[in-house]
Amino acid sequence: MPYTIEQLRGRHSVRSFADREIETGLVNRLRSEATYINTHDAGLNFQLRFGDGAPMRGFSRSYGMFRNVRNYMAPVIDPTFDHAIERAGYYSEQFVMECVNAGLGTCFVGGSYSRSHLDVTVEVYERIPFIVVFGYSEASATTLLGRLASKLTHRVTRQPRDFFDGTDEDYRRSCAEFTWLETALEAVACAPSGYNRQPVRLRSVETPKGPGIAAFTLDPQKDAAELGIAKFNVAAAVGGCWDWGEGGVFVKD
């Protein structure tokens, strides 16, 4: 579904959750979203677990400083499918925005959890590149943990120009040619990223059909999930679809 920049900006990483179960109706809504993703994109198997905080135990004092994690989504991927990690990032961000739209807090977690304690079904050839934890945000940061987590999750936002790879002249020319480009760059700026690296950049490129806008990363080997996350934000804010992969071109509706 489409989202405004304000809605995308409203998503922020939450690490301190209320000790509260998610209502049955919302559980069913999130299960339906995961099922929709699984049945519409090959090689992905999003598995949800509710009331299970085992993977996060022992990590409350790590970088993430998580509190009261009770629910998570594990995007199990078949790496033999092309761009599997990128597509996992794309559709995980779709799931995240569904959570946010329902009033829940979320956080992508790349390393601060115990993989051996994930209660999911994984074949020997499959991988879990990250998980997404979600739940009701803690109402206030009254604890030391809450205050520290709040500082970690509220970063200084970069300007749209920072996410365009090119000279100032390239930027001005591209914004004039693609009137939606600045909105797309704002959407990239809203995308979650490990350690706030925000590695995705948009660039003007030549295609067989003429000038276009493509997405690149600082490190294609490490940033595939973040490439997918940023691509979802652009597609949701502007309306359109992407070619998968590094250098994939955006086609506006």
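## Close-up views of a predicted model

**View 1. Strands β2 and β4 meet side by side.** Strand β2 (residues 71–77) and β4 run antiparallel and are joined by 2 bridges. Welcome to a predicted model, in which local features need pLDDT of at least 70 and side-chain atom pairs count only at pLDDT 80 or more, while totals for chains, interfaces and linings use all residues. Residues are numbered from 1 along each chain as its sequence is written, and side-chain values use heavy atoms, leaving out hydrogens and water. Strands here are DSSP runs of E with at least two residues, helices are runs of H or I with at least four, and both are numbered from the N terminus. Two strands pair if DSSP finds at least two bridges between them. Look for M73, which stands opposite V132 in β4.

**View 2. F50 and F134 form an aromatic pair.** Rings of Phe, Tyr and Trp (its six-membered ring) pair if their centres lie within 6.5 Å; planes under 30 degrees apart are stacked, over 60 edge-to-face, and the rest tilted. The count by this rule is 11 aromatic pairs. In F50 and F134 the ring centres are 5.6 Å apart and the planes stand at 80 degrees, so this pair is edge-to-face. F50 belongs to strand β1 (residues 44–50) and F134 to strand β4 (residues 131–135), so the pair ties together parts 84 residues apart in sequence. F134 is buried, at 1% relative accessible area, whereas F50 is partly exposed at 22% (buried is under 20%, exposed over 50%, partly exposed in between, with a 1.4 Å probe and protein chains only).

**View 3. Y90 and F232 pair across two helices.** Their ring centres lie 5.4 Å apart with planes at 85 degrees, so the pair is edge-to-face. Y90 sits in helix α3 (residues 84–101) and F232 in helix α7 (residues 224–238).
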